[in-house]
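Reader: Could you take me through the reading of this model, feature by feature, giving the general idea before each case?

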Amino acid sequence: MATASVDTLYGQRNYPYNCWWVAAYADEVGRMPLARWLLDTPVVLYRTEEGAVVALEDRCPHRQAPLSIGKLRGDAIECGYHGFQFGPSGRCVHVPSMSSPPPIGVEAYPVREIGPLVWIYLGDQSRLDDVPPPPELAWMLDPGFEIRKGRIEIAANYLLLKENVLDLTHFGYVHAATFQITDWVDAPKVAKDGNTVTYRQEFIRTPLIPGMAIPLGLEPGALWNRINSGSLLSPAAQEGRSDFCNPDRSEPPAGRVRFAHLTTPIDQKNMHYFYVFGRDFAREEAAMDMFEKMVIEGFKEDEFVLEQVQSIMSRKPRRGSQGERSVKADAAGIEARRIIEGWMARETITD
Ligand code: FES
Ligand SMILES: [Fe+2]
């Protein structure tokens, strides 16, 4: 399949509906309605009295008020405008001015709560059984890992972040001051396996920056091995991995770091970026706070660049160069585009 042009990729919808996407963190969803715009759809999330997550269309069918400005009544949500109530199935269960409710309702969306994440399915429900489940991110559930998480709304297409985390040659430029990793110069090895693309880069006997050496109990500049890899697991999820190994011993890594870059389109030019990261060493609070500070600063740098890229892409220059010219280091990102095009092509098949 040919890779779509940039215009096709970014000018119109470039995300599949028939896919599990992250809607929220589990600890954000409770007995207060949470409004979130996901895949060009207004969604309200809340929990039933028993604790099950409910996701409904956040638009009252009566006069279009967002249900999220209303209140929970037991397991139902009451619209804040004229008091119509809707149950977890989306069906209207009460209209104050009527003795029995009319046959109206809102859409209800399947959700899955897995560890810290709430996944949502906003696609064709008759195709749900054919859609791959949310990808496994086992380290998030592993008590050996200490994790931190956050969410940023970025004014850029979600695919720009996918490409950003699949080409880490930007480290020496975007993150020169924060991560101080300046040796990520060569294009990584890239392998495709079905609907997954993975890059892998080994740094052998290279000096560790202080932010890596100190948590490992080493002197800054210690010559160690770093094995970095990352995979596009679905249009919604990307995993990054860093293993730190003593070059003089053949034993399992002395430290493992994991990142999940979970992007959910808000619309064509905006995304939610849910990031979860963790490590199995230096897990005490103060050390994790320092790690988190560095990561957040780095992500702000990515946010800045991606918003700048989006603002150029959103406009049509009168003259000058247009389009993109790719290089070897883009191989994983280009493969990711193809994979996502495959997801989208499958959902138009009506067999
Ligand atoms: S707009 Fe919701 S009850 Fe009227
Ligand atoms: Fe980055």
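Author: Let us begin with pairing: two strands are taken to pair if DSSP finds at least two bridges between them. Please keep in mind throughout that this is a predicted model.

Reader: Which residue stands opposite Glu 113 in strand 10?

Author: In general, strands of a sheet pair through backbone hydrogen bonds, either parallel or antiparallel. Here, Glu 113 has Val 118 opposite it in strand 10, and strand 9 pairs with strand 10 (residues 117-121) in the antiparallel sense over four bridges.

Reader: What is the order of the open sheet of three strands?

Author: The order is 1-10-9, with antiparallel pairing. Strand 1 and strand 9 (111-114) are at the edges and have a single partner strand each, so that one side of each is left without a neighbour in the sheet. On average, and with direction ignored, neighbouring strands of this sheet are turned by 30° against each other.

Reader: In what order do the strands of the seven-stranded open sheet come?

Author: That sheet has the order 11-17-16-15-14-13-12, and the pairing is antiparallel. Its edges are formed by strand 11 and strand 12 (189-193), each with a single partner strand, so one side of each lacks a neighbour in the sheet. Neighbouring strands are here turned by 15° against each other on average, direction again being ignored.

Reader: How many bridges join strand 13 to strand 14, and how many join strand 14 to strand 15?

Author: Strand 13 (residues 196-207) and strand 14 (residues 223-234) run antiparallel and are joined by nine bridges; within strand 14, Arg 226 is the bridge partner of Phe 203. Nine bridges also join strand 14 to strand 15 (residues 237-245), which run antiparallel, and here Ser 231 has Glu 239 in strand 15 as its bridge partner.

Reader: Is Ile 154 buried or exposed?

Author: The cut-off matters for this step: a residue counts as buried if 20 or more other C-beta atoms lie within 10 Å of its own. Ile 154 has 22 other C-beta atoms within 10 Å, and is therefore buried. This residue is found in strand 11 (residues 146-154), and, leaving out residues up to four places away in sequence, Ile 154 touches Leu 161, Met 271, Tyr 273, Glu 303, Leu 306 and Glu 307.

Reader: How many residues of helix 2 are buried?

Author: Nine of the nine residues of helix 2 (residues 158-166) are buried, so this helix is largely enclosed by the rest of the structure. The buried residues of helix 2 include Leu 161, Lys 162 and Glu 163.

Reader: Which residues touch the most other members of the largest nonpolar core?

Author: The largest nonpolar core has 66 residues, of which Trp 21, Ala 23, Leu 45, Ala 55, Val 118 and Ile 120 touch the most other members. Domain 1 (20-122) and domain 2 (138-347) both contribute residues to this core, so the core lies between them. Apart from neighbours within four places in sequence, Trp 21 is in contact with Leu 38, Leu 39, Trp 119, Ile 120, Ala 236 and Thr 264.

Reader: How many residues of domain 1 are in contact with domain 2, and which elements give two or more residues to that side?

Author: The contact is between 10 residues of domain 1 and 11 residues of domain 2. On the side of domain 1 that touches domain 2, strand 1 (20-25) and strand 2 (34-38) are the elements that give two or more residues, and strand 1 gives the most, with four residues. The residues of this side divide into eight nonpolar, one polar and one charged. The centres of the two domains, taken over C-alpha atoms, are separated by 34 Å.

Key:
Residues are numbered from 1 along each chain as its sequence is written. Chains are lettered from A and ligands numbered from 1 in the order in which they are written. This is a predicted model: local features need pLDDT of at least 70, side-chain atom pairs count only at pLDDT 80 or more; totals for chains, interfaces and linings use all residues. A nonpolar core is a set of buried Ala, Val, Leu, Ile, Met, Phe, Trp, Tyr and Cys residues joined through C-beta atoms within 7 Å. A residue is buried if 20 or more other C-beta atoms lie within 10 Å of its own, exposed if 12 or fewer, and partly exposed in between; C-beta atoms are placed from the backbone. Domain bounds come from an automatic or database domain assignment. Two residues are in contact if their C-beta atoms, placed from the backbone, lie within 7 Å. Ala, Val, Leu, Ile, Met, Phe, Trp, Tyr, Cys and Pro count as nonpolar, Asp, Glu, Lys and Arg as charged, and the others, Gly among them, as polar. Axes are lines fitted to C-alpha atoms, for helices over the stretch in contact, and angles run from 0 to 180 degrees between N-to-C directions.
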